[in-house]
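This report describes a single protein chain, from its overall dimensions down to individual residues. The sequence and structure are shown first.

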Amino acid sequence: MAVPEFLSLAQARRIALAAQGFADPAPAGPPTMRHVRRVLARTGLLQMDSVNVLQRAHYLPLYSRLGPYPTGLLDRAAYGRPRELFEYWGHEASLIPVALHPALRWRMAAASTDSWGGMRRIADEQPELVAWVLDEVRVNGPLTAAEIEHDAPRETGNWGWNWSAVKRALEYLFWSGEVAAATRNGNFGRVYDLAERVLPAEVLAAPTLAPAEAYRELVAVSARALGVAAEFELRDYFRLPVAGARTAIAELVEAGVLRPVTVRGWRQPAYLHAEAKLPRWVRGDRLISPFDPLIWERARTERLFDFTYRIEIYVPAPRRVFGYYVLPFLQGERFTARVDLKADRKAGVLRVPAAWLEPGADPGETAEALAVELSRLAGWLGLSEVSPPERGDLQFKSVTGVR
């Protein structure tokens with residue numbers, strides 16, 4: 001369907017959902033690497049996070065779009081050969097297609113000024129430590145921070161090297177692009193190696209993009225992934241600098257890659273990607289991770305879906321409203337519920353500390369659809385039962401014999 005210049009909120013919602021892959025047909029059989037690549041082409045990158053109360057954050061967006069899939073497919077893309085993804089700072093810590101490496105080298109080059117304070121201090125105050133750590137990786141990599149710290153000289157001169165100092169040095173080298181994540185260990189810790197031994201040779205040989213060109217490429221990726229978006233959202237997707245992103249947006253408008261549009265109810269000017277599609281409808285029941293790019297920008301989520309969402313992991317337990325690890329439940333184009341989940345792997349149970357109905361949603365239909373989706377999720381996680389909600393205003397019975 002052709003996309004008009006004036007969009008209703010419902011049209012903007014469908015464009016956004018389609019851009020993120022929610023209007024794509026479900027796999028006819030077991031998902032394959034082709035399906036994983038299709039999702040990655042939609043989202044542009046996947047956010048990573050250490051929280052593992054349910055499942056690691058980077059695995060969940062593919063589940064939301066593909067249903068149960070072998071997580072080994074994503075592992076292969078991220079850490080196998082030929083490597084298709086690499087870890088770096090995108091939105092936050094992210095898995096990013098290797099083709100975008102040249103567009104992120106401006107961030108690597110700015111490590112001495114833009115990296116976090118602890119990293120900068122290590123580079124400024126203890127350059128000999130950084131050089132020693134890099135040499136350790138060069139000679140003995142791939143290595144974890146703990147393995148390097150084990151060999152590090154202690155109280156040598158005035159350095160006072162310890163694990164945290166080694167880790168900060170490694171993270172500075174990671175930010176600057178000199179080392180990369182070869183894999184992750186069983187504790188989800190990075191295993192570091194030289195970038196030249198991790199990334200494909202043709203990627204490293206590709207010309208480095210000038211910052212202005214890199215901003216244009218990254219804004220274009222963001223716009224394609226968002227479908228229709230305001231300026232801040234285009235900038236926030238890869239955490240780009242304000243001036244650079246604004247110039248890139250203007251240049252992409254001039255080139256016809258972006259088109260200014262009006263969205264009913266939005267105060268901000270909006271931009272539509274030239275490849276954006278407006279489906280007639282979006283169907284399916286999906287649980288959405290707190291770290292899913294569909295809901296990264298909370299103000300956008302509220303404008304598009306009339307859905308106020310905040311992650312409460314870092315909120316003290318007595319002050320949490322909905323729960324620790326709450327996933328919104330998307331039915332078609334609307335969020336109808338939110339559910340706090342915990343994978344009790346020892347007991348083989350998907351626990352539901354809380355489930356909440358959204359205003360206007362039908363409690364019976366929503367509870368039934370949510371129970372079915374939780375059964376499917378439990379099966380994917382290798383759990384045999386879904387417990388009933390422990391609190392909240394949406395109730396369903398325990399489910400055994402999960403899908």
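## Overall dimensions

In this predicted model, the chain has a radius of gyration of 22 Å, which agrees with the value near 22 Å that a compact globule of 403 residues would have. Along its principal axes, the C-alpha trace spans about 70 × 55 × 45 Å.

The chain contains 17 helices and 15 strands. Of the contacts with a sequence separation of 6 or more, 63% join residues 24 or more positions apart. Buried residues make up 58% of the 403 residues. The accessible surface comes to about 17,500 Å², and carbon and sulfur atoms account for 52% of that area.

## Packing of helices α1 and α16

Two packed helices are described by the angle between their axes and by the distance between those axes. Helix α1 covers residues 9-19 and helix α16 covers residues 298-305; their axes come within 9 Å and cross at roughly 130°.

On the α1 side, the contact is made by L9, A12, R13, A16 and L17. On the α16 side, the contributing residues are R300, R303, L304 and F305. By class, the contact of α1 with α16 comprises 6 nonpolar and 3 charged residues, with no polar ones.

R338 lies in strand β12, which runs over residues 334-344. Its relative accessible area is 4%, below the 20% limit, so R338 is buried.

Leaving aside residues up to four places away in sequence, R338 touches F307, T308, Y309, F322, V326, L327, P328, F329, A354, A355, W356 and E358. One of these residues, Y309, is 29 residues from R338 along the chain. The C-alpha atoms of R338 and Y309 are separated by 9.3 Å.

Most residues other than glycine have a negative phi, and most peptide bonds are trans.

F188 is a residue other than glycine with a positive phi, near 70°. F188 counts as buried because its relative accessibility is 14%, and the cut-off for burial is 20%.

R239, likewise not a glycine, has a positive phi near 55°. R239 is placed in the loop between α14 (231-236) and α15 (242-254). Is R239 buried, partly exposed or exposed? With a relative accessibility of 35%, R239 lies between the 20% and 50% limits and therefore counts as partly exposed.

Technical notes: Residues numbered from 1 in each chain as written. Predicted model: local features only at pLDDT ≥ 70, side-chain atom pairs only at ≥ 80, totals over all residues. Heavy atoms only, no water. Axes fitted to C-alpha atoms, helices over the stretch in contact; angles between N-to-C directions. Helix = DSSP H or I, 4+ residues; strand = E, 2+ residues; numbered from the N terminus. Contact = heavy atoms within 4.5 Å. Nonpolar A, V, L, I, M, F, W, Y, C, P; charged D, E, K, R; others polar. Rg over C-alpha atoms; globule rule 2.2 N^0.38 Å. Buried < 20%, exposed > 50% of the residue type's maximum accessible area, 1.4 Å probe, protein only. Areas by Shrake-Rupley, 256 points an atom, 1.4 Å probe, with all protein chains shown as cover.
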